Amino acid sequence: MCTRFVCRRGSVVTGFNFDIDPAVWDHQVMEERDCFSIGILRPDGLRHSYHGVNRNGNAGTLLYVHGNPEGVFREGGGCVTVASLTERFIRGELTFDGALRLVREKRIVYAPDTTMQAVLSDRDGRTLLVEPGIGYREETGPYSLATNYSLLAPESTRPFLVPGDDRYERAARLLDGYRGKCTVSEAFSVLRAVRQEGLWATRVSFVYAPREQAVFYVENNRFDQVKTYRFPPQ
């Protein structure tokens, strides 16, 4: 359960709520010189950057989605996992245009052990939604918003809607209401409004402001304790 948005009103601001069961996903906030990320411990013993921001402005996140047969993991030169695509984007190995070319030329599939969709954006607010087995869309308009259901083929995930889960609708109403420049404070207001509690609570919330070259984040819903990570000068 996660929420991601990119607001393009006045200045670009992106926000993300990372909602997980820590017994299932071992995570850690990682502050590196060129990358801020939520590192996920994988079977290879490494923490992979599946949610984060590069100093070049690339911001990528993976959101759980109920899988579809067309997106099932496959090996081969014509396939790329959505996890690999997202991590390469976050690590700065792919530009936005490079990611766009890749999804046009390759078959994007799920990772072997999980079904995820991706939201990729750059410092200018260009946003790419990638849904394995369904397709992709370059987003336009004043903002982009995604949760854990398909936007390209909503009927495919409608049977799996969690009763009472109206995060998308609540976040959209707030984003629709911001007529001026979207600020870091307003972005946190959205994240706080759709935060989760309980077993799959929101463990990390971050807001990235490209103009400030900074990521602001809180852990475990402590929205009164905002931490700041600024990318150091090159």
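Predicted model: local features only at pLDDT ≥ 70, side-chain atom pairs only at ≥ 80, totals over all residues.
The largest cavity holds about 50 Å³ of space.

Its lining consists of R4, V119, T127, L129, E139, S144, L145, A146 and L151 (lining residues have an atom within 4 Å of a point). Two or more lining residues come from each of β10 (127–131) and β12 (143–146) (strands, E, at least two residues, and helices, H or I, at least four, are DSSP runs numbered from the N terminus). With 3 residues, β12 gives the most to this lining.

## The open sheet

An open, antiparallel sheet is formed by 6 strands in the order β12-β1-β2-β13-β14-β15 (strands pair if DSSP finds at least two bridges between them). Because β12 and β15 (227–230) stand at the edges with a single partner strand each, one side of each is left without a neighbour in the sheet.

Strands β1 (residues 2–7) and β2 (residues 13–19) pair in the antiparallel sense over 6 bridges. C2 stands opposite F18 in β2.

## Helix packing

Helix α4 (residues 167–177) packs on the sheet and touches β1, β2 and β12 (contact means heavy atoms within 4.5 Å). The direction of α4 makes about 165 degrees with that of β12 (axes are lines fitted to C-alpha atoms, for helices over the stretch in contact, and angles run from 0 to 180 degrees between N-to-C directions).

## Basis of the model

Residues are numbered from 1 along each chain as its sequence is written, and side-chain values use heavy atoms, with hydrogens and water left out. Local features need pLDDT of at least 70 and side-chain atom pairs count only at pLDDT 80 or more, whereas totals for chains, interfaces and linings use all residues.

Key: 1 Å grid on protein atoms, 1.4 Å probe; cavity = no way out; pocket = protein on both sides within 12 Å on 5 of 7 lines; lining within 4 Å. Points joined across faces, edges and corners; volume = space filled by probe spheres on them.
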